[in-house]
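Here are some quick notes to read alongside the model. Have it open while you go through them.

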Amino acid sequence: MGGIIYLAGFALTANFFFAGATNIGERWAYLPSAGFCLLFGLAYEWLADRRRTVAVGLLCTIIVAMSIRTVIRNRDWQGNFTLALAAERAYPQSVRAQHAVGLEYLKIGDVARAKQHFEAAERIDRDYPHLDRKSTR
């Protein structure tokens, strides 16, 4: 059941069978994550029945690793500018990330850097609807 919820949830939201009106976002992963959590819980229960110490150790390792990752990621959330820069560093070929960084540079008046990012976004996808062709010239 957990696998069905996970796979069916993503099949409906990942634009796999039909194109949706919006890009995939974290909000589309809520239903599939319920299936993932159910699968993880069943796997934990199965392992705990056989090797409780291993199951608890694995669970603690996962919790610590995810906690560390959360603390590291929280540094990116100081504001829109730091968040946009982090997204661009992680995904330099993302038109949305390049565009977001360009907008943030425009807000602080750094037109030259904004132009660089708008041009990078345009190289990635000339048809991206949010690109203002006047700002990239």
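1. Which helix does L42 lie in? L42 sits in helix α2, residues 30-50. Helices here are DSSP runs (H or I, at least four residues; strands are E, at least two), numbered from the N terminus.

2. Before going on, a word on the model. This is a predicted model, where local features need pLDDT of at least 70 and side-chain atom pairs count only at pLDDT 80 or more, while totals for chains, interfaces and linings use all residues. Residues are numbered from 1 along each chain as its sequence is written, and side-chain values use heavy atoms, with hydrogens and water left out.

3. Back to L42: with M1, I4 and L38, L42 forms a nonpolar surface patch with about 430 Å² of accessible area together. Patch members have over 30% relative accessible area and no salt bridge, with nonpolar side chains (Val, Leu, Ile, Met, Phe, Trp, Tyr) joined within 5 Å and like charges within 9 Å. Areas come from the Shrake-Rupley method with a 1.4 Å probe, and for residues only the protein chains shown count as cover. L42 counts as partly exposed because its relative accessibility is 45%; buried means under 20%, exposed over 50%, and partly exposed is in between (1.4 Å probe, protein chains only).

4. On to charges: the structure holds five salt bridges. The criterion is a side-chain nitrogen of Lys or Arg within 4 Å of a carboxyl oxygen of Asp or Glu. Side chains of opposite charge can pair when their charged atoms come close.

5. Take R89 and D76, whose closest N and O atoms are 4.0 Å apart in a salt bridge. This pair links distant parts of the chain, 13 residues apart: R89 is in helix α4 (residues 80-90), and D76 is in the loop between α3 (52-74) and α4. R89 is exposed at 57% relative accessible area, whereas D76 is buried at 15%. R73 joins D76 and R89 in a network of salt bridges.

6. Now look at helix α5 (residues 95-107), where K107 is found. K107 forms a salt bridge with E104, with the closest N and O atoms 3.0 Å apart. Both lie in α5, three residues apart, about one turn of the helix. K107 counts as exposed because its relative accessibility is 59%, while E104 is buried at 12%.

7. One more pair: R126 forms a salt bridge with E122, the closest N and O atoms lying 3.7 Å apart. R126 is exposed at 54% relative accessibility, and E122 is buried at 6%.
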